[in-house]
Amino acid sequence: MSGTGDVLLELLEGNHSHVEELPDDYFADVQTGQQPNVVSICCSDSRVPQERMWGVDHPGAVFTPSNIGNQVWDEDEGEQIVDGGVLYPIHHAGTDVAAVVGHTGCGAVTAAYQVATGGENPGPQGVDKWVEMLVPVVEEALESDLVDTEADEETVINQLVEYNVDHQAAFLRESEDVPDDVDVYGFVYDFQGVYGNEHGRAYLVNHNGETKPEEIADRIPDEYETATQSLLY
Ligand SMILES: [Zn+2]
């Protein structure tokens, strides 16, 4: 038993329960391939349940690339390109919907905000790379008239989260690697009651480039009117 720590034990036990509980036909439809309906680019934050937030409990439905700050890009020899985790399902698995999913209280956006306002990189280098890719987004946001820089830091961070979602969604829409018929949606997952009182609501903040909640509301069923909100001016 040496080396079998508490967490490892939890993993083994958890997976054992998973195996026991799965219906026999759970993977039947996806034995030989996948055709996920959506690629959902999330922040890796442990408080953001990537499939569960969409009510999904079956395999093959959501392609789930994630990183700190839900960034759709990567850098390759100095060039900013759309990340392979986003492009793979679009080019090779028939996916024609992309969702960029930020979340309230994001640590990556907070770190980028601190760097943009004169603070230190959090380190180590592997973290700094992804924080630094967010810094220009934050700087652009702070110079725009969409963010209230006089507000308390928590409010500013949450506005920056939404701005970043819009920015990432725009990057996808403008990329030649993303076909024009791919729908791009932006969401902010709110587990803190920032947008409203519904913890766990993924607020739709961007619908194929449209960011005004009243315009977005016209594009979705009436019953979801309150699921589109914006913290930006
Ligand atoms: Zn985050």
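This note walks through the predicted model in numbered points, from the whole chain down to single residues.

1. **Ground rules.** The model is predicted: local features need pLDDT of at least 70, side-chain atom pairs count only at pLDDT 80 or more, and totals for chains, interfaces and linings use all residues. Residues are numbered from 1 along each chain as its sequence is written.

2. **Overall make-up.** The protein chain has 6 helices and 8 strands. Both are DSSP runs, numbered from the N terminus: helices are H or I with at least four residues, strands are E with at least two. Read from the N terminus, the order is α-β-β-β-β-β-α-β-α-α-α-β-β-α. The radius of gyration is 19 Å, close to the 17 Å that the globule rule gives for 233 residues, so the chain is as compact as a globular protein of that length. Here the radius is taken over C-alpha atoms, and the rule is 2.2 Å times the number of residues to the power 0.38. The C-alpha trace spans about 55 × 50 × 45 Å along its principal axes.

3. Of the 233 residues, 33% are buried. A residue is buried if 20 or more other C-beta atoms lie within 10 Å of its own, exposed if 12 or fewer, and partly exposed in between, with C-beta atoms placed from the backbone. Two residues are in contact if their C-beta atoms, placed from the backbone, lie within 7 Å. Among contacts with a separation of 6 or more, 64% join residues 24 or more positions apart.

4. Helix H1 covers residues 6-21, and helix H5 covers residues 153-174. The expected span of a helix is 1.5 Å times one less than its number of residues. For the 16 residues of H1 that gives 22 Å, and its end C-alpha atoms are 22 Å apart, which agrees. In H1 the number of buried residues is 0, so H1 lies largely in the open. In H5, 16 of the 22 residues are buried, so H5 is largely enclosed by the rest of the structure.

5. **The core.** The largest nonpolar core has 50 residues. Such a core is a set of buried Ala, Val, Leu, Ile, Met, Phe, Trp, Tyr and Cys residues joined through C-beta atoms within 7 Å. Ile 41, Ala 108, Val 109, Leu 160 and Phe 187 have the most contacts inside it. H5 gives the largest share of this core, 9 residues. Beyond four places in sequence, Val 109 touches Gly 69, Leu 134, Ile 157, Leu 160, Val 161 and Asn 164.

6. **The annotated site.** An unreviewed UniProt entry lists Cys 43, His 103 and Cys 106 under "binding site". UniProt positions use the numbering here, feature names are shortened, and annotations may be inferred rather than shown by experiment. The three residues are spread over 64 residues of sequence, yet they cluster in space, with a largest C-alpha distance of 8.1 Å. His 103 lies in strand S6, residues 97-103. Cys 106 lies in the loop between S6 and helix H3. His 103 is buried, with 26 other C-beta atoms within 10 Å. Cys 106 also counts as buried, with 26 such neighbours. Leaving aside residues within four places, the contacts of His 103 include Cys 43, Asp 45 and Val 161. On the same terms, Cys 106 touches Cys 43, Asp 45, Gly 69 and Val 161.

7. Strands S4 (residues 73-76) and S5 (residues 79-82) run antiparallel and are joined by 4 bridges. Strands pair if DSSP finds at least two bridges between them. Asp 76 stands opposite Glu 79, and Asp 74 has Ile 81 as its bridge partner. Glu 77 is exposed, with 5 other C-beta atoms within 10 Å.

8. **Backbone points to check.** The peptide bond from Gly 123 to Pro 124 is cis, with omega near -10°. Pro 124 sits in the loop between H3 and helix H4. Asn 208, which is not a glycine, has a positive phi near 50°. Asn 208 lies in the loop between strand S8 and helix H6, and counts as partly exposed with 13 C-beta neighbours inside 10 Å.
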